[in-house]
Amino acid sequence: MLRSLVGSEMCIRDRYQRRVRGIAHNLMGLCFRLLLLAAAAVALLTAAAPTNHTDAVLTYHLPDDPNPDRSQHCNDVTADTSDSAAASWWSANSWKYTTSWAGGLCPAVYNITNNQYSPAGVSKVNLRRMGKG
């Protein structure tokens, strides 16, 4: 014969089952979110294809202000990835430039070079800060 549960025993049993179902549901939701995040990261990294005259030379720029009338400075980067040191530097740093920077060098309105340098030991990477003249 089956034993019937008293009200308090039913509450304990149901509470445990709801908790287990809730944890499983939360884990599935978390896994799905992580999968979407990973897919978005891969899409961002693969979408950053070179937009320049050769595949080996990559150029990106970012004005200080998106409004050209207010922006007084622009930063740009050029990396010749045919050089192994530059390719290694680009591999480690490209995330900084390919997500929010536009392809190409700073527009011609920024015609004064305020600062120009290459990272230590990487002569084929050039970083510039340009100003309006």
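# A chat about the fold and its aromatic cluster

Me: Let's start with Y97. Which residues is Y97 in contact with, leaving aside its neighbours within four places in sequence?
Reply: Y97 is in contact with Y60, V77, W89, W90 and L127. Keep in mind that this is a predicted model.

Me: Is Y97 buried or exposed?
Reply: Y97 has a relative accessible area of 9%. The cut-off for buried is under 20%, so Y97 counts as buried.

Me: OK, zooming out. How many helices and strands does the chain have?
Reply: There are 2 helices and 5 strands. Starting at the N terminus, the elements run α-β-β-α-β-β-β.

Me: And what share of the chain is buried?
Reply: The chain has 133 residues, and buried residues make up 23% of them. The accessible surface is about 9,400 Å², with 61% of that belonging to carbon and sulfur atoms.

Me: Which residues make up the largest nonpolar core?
Reply: That core has 12 residues in all: L58, Y60, V77, A79, A86, W89, W90, Y97, W101, V122, V125 and L127.

Me: Which elements give two or more residues to this core?
Reply: Strand 1, strand 2, helix 2 and strand 5 (125-131) do. Helix 2 gives the most, with 4 residues.

Me: I see several aromatic names in there. How many aromatic pairs does the structure hold?
Reply: It holds 5 aromatic pairs. One of them is Y60 with W90, where the ring centres are 5.7 Å apart and the planes sit at 15 degrees, so that pair is stacked.

Me: Where in the chain do Y60 and W90 sit?
Reply: Y60 is in strand 1 (residues 57-63) and W90 is in helix 2 (residues 84-98).

Me: What about the rings of Y97 and W101, stacked or edge-to-face?
Reply: Edge-to-face, because their planes are at 90 degrees, with the centres 4.8 Å apart. W101 is buried too, at 16% relative accessibility.

Me: Which residues do the ring pairs link into a cluster?
Reply: The cluster is made of Y60, W89, W90, Y97 and W101.

Me: Switching topic: which cysteines does a disulfide join?
Reply: C74 and C106, with the sulfurs 2.2 Å apart. The count comes to 1 disulfide.

Me: Is that link left-handed or right-handed?
Reply: The link of C74 and C106 is left-handed, with -90 degrees about the S-S bond.

Me: Where do the two ends sit?
Reply: C74 is in strand 2, while C106 is in the loop between strand 3 (102-103) and strand 4 (112-117). The two are 32 residues apart, and the pair links distant parts of the chain.

Me: Are those cysteines buried or exposed?
Reply: C74 counts as buried at 0% relative accessibility, and C106 counts as buried at 11%.

Me: Last one: N75. Where is N75 found, and what does N75 touch?
Reply: N75 is found in strand 2 (residues 73-80). Not counting residues up to four places away in sequence, N75 touches Y60, H61, L62, D64, W101, C106, R128 and R129.

Me: Which side chain does N75 join through a polar contact?
Reply: That of R129, at 3.2 Å.

Note on methods. Residues are numbered from 1 along each chain as its sequence is written. This is a predicted model: local features need pLDDT of at least 70, side-chain atom pairs count only at pLDDT 80 or more; totals for chains, interfaces and linings use all residues. Side-chain values use heavy atoms; hydrogens and water are left out. A polar contact is a pair of N or O atoms within 3.5 Å; within protein, one must be able to donate a hydrogen and the other to accept it, and residues adjacent in sequence count only if both atoms are side-chain atoms. Contact means heavy atoms within 4.5 Å. Rings of Phe, Tyr and Trp (its six-membered ring) pair if their centres lie within 6.5 Å; planes under 30 degrees apart count as stacked, over 60 as edge-to-face and the rest as tilted. Buried means under 20% relative accessible area, exposed over 50%, partly exposed in between (1.4 Å probe, protein chains only). Accessible areas come from the Shrake-Rupley method with a 1.4 Å probe; for residues, only the protein chains shown count as cover. A nonpolar core is a set of buried Ala, Val, Leu, Ile, Met, Phe, Trp, Tyr and Cys residues joined through side-chain atoms within 4.5 Å. A disulfide is a pair of cysteine sulfur atoms within 2.5 Å.
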